[in-house]
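Me: I would like to learn how to read the features of a structure step by step. Could we begin with a single residue and then turn to the whole chain?

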Amino acid sequence: MRSICILTTRHHGDDNRVYHKEVKTLADAGYHVLFISPKNPNRGYKNVEYFEIPFVPRKELKPILKTVYNEITVKHQIDILHFQDPELLLFGLKVKRKTNIKVIYDVHEDYKSEMLLKRYLSKIKRYFYSLAVPFLEKRADKRFDAIVVADNFIKNNFSNKNTIILFNYPDIDKLGKTFEPDINKRKKYDIIFPGTTTPFIFQRLVDITKICRELGCPIKCIIIASDTYKTEREANYKYLETLGDFKDDVILHDKIPTEEIPLFLRESKIGVAPLPDNEKYRKNIATKIFEYMYYYLPVLTSDIPPEKQFIDGFENGYIFNPNNPEVFAKKIIELKNNPAISNSLGQNGHKLVVERWNWNSEKEKLINLYSKLLEEINNDN
């Protein structure tokens, strides 16, 4: 049995893409997978060995990576290292330089634009990292054995011959099947947003809710997210005050485990994703839109390229200028007043995810990439 390692220092051991999709897919394909991550309790999944590391600031990673290097080169003698985070680029280059291990870099974001939006970093550090990460990615592109990217926009950053796109589509085999397909029978929430709420997104959701009430059609909006930064949490609560006596129109729910999100999706009528039109969001697909579709929710999102390619022409939702919350609000009211249209959009989206936009269409690409790299190892030997 070939031994491989999937390594992350930033993603939780229960991460949907890293653990539930990639690790389990490769374990099911017959590989022995050493999964190294923070917050990584032993779950006993077949063919998976768990190694937990502490979650520490980047500047404290050096001794941890020394231990990781010993694990993959001495204790396990792995064939392939598949790592997830840009802070591990130097480590991956070291492994490539000093060993015969095949190295895969898994790129989730356009990190240049993401670094510029890191609100906890000083402006100088944001600028430095926005230059440093692309520089290291260019070296990785030339030296690593494969690059895995999360969407077609990130792929443009790489020229490695073994670059593949693994869209972060939902694994429908893991999603629930017992829910009400007629969304108009769902009573709890009119609109839902589960995910990271930047100040822009939070304020747009509140604005949309406020406008609906002003137009004579009050709604219930549920936002499921964690407030990472105290200043943002305080700013969000302050912005809620703009709803006056109707603050209860917006329900704030703490972040929950990935597998519990369907409990809320199946009680909602419309999935909303008012994403800002900036460089980061122009290069990343909001994967929540596929979960909306699977649970029969019409999708209302921003008119930006990543989302537009899955909405425009498919009759599963609508795209709008994200700077105009009024158009979102009016469409929500229209859908509430026209249940047949809502259900038609939801049914179209559900069918697209079941037939096309799901993990079953992606995991074969991952398995084929590993087969190719291992064939190269066999030929070298």
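Me: Which residues does W357 touch, not counting residues up to four places away in sequence?

Reply: A contact means heavy atoms within 4.5 Å. By that rule, W357 touches Y169, P170, F290, M293, F310, F314, N316 and L352, with residues up to four places away in sequence left out. This is a predicted model, in which local features need pLDDT of at least 70 and side-chain atom pairs count only at pLDDT 80 or more, while totals for chains, interfaces and linings use all residues. Residues are numbered from 1 along each chain as its sequence is written, and side-chain values use heavy atoms, with hydrogens and water left out.

Me: Is W357 buried or exposed?

Reply: Buried means under 20% relative accessible area, exposed over 50%, and partly exposed in between, with a 1.4 Å probe and protein chains only. W357 has 5% relative accessibility and therefore counts as buried; of the 381 residues of the protein, 54% count as buried.

Me: Where is the place of W357 among the helices?

Reply: Helices are DSSP runs of H or I with at least four residues, strands are runs of E with at least two, and both are numbered from the N terminus. W357 lies in the loop between α12 (339-355) and α13 (360-380), in a protein with 13 helices and 13 strands.

Me: What share of the contacts with a separation of 6 or more joins residues 24 or more positions apart?

Reply: Such pairs account for 69% of those contacts in the protein.
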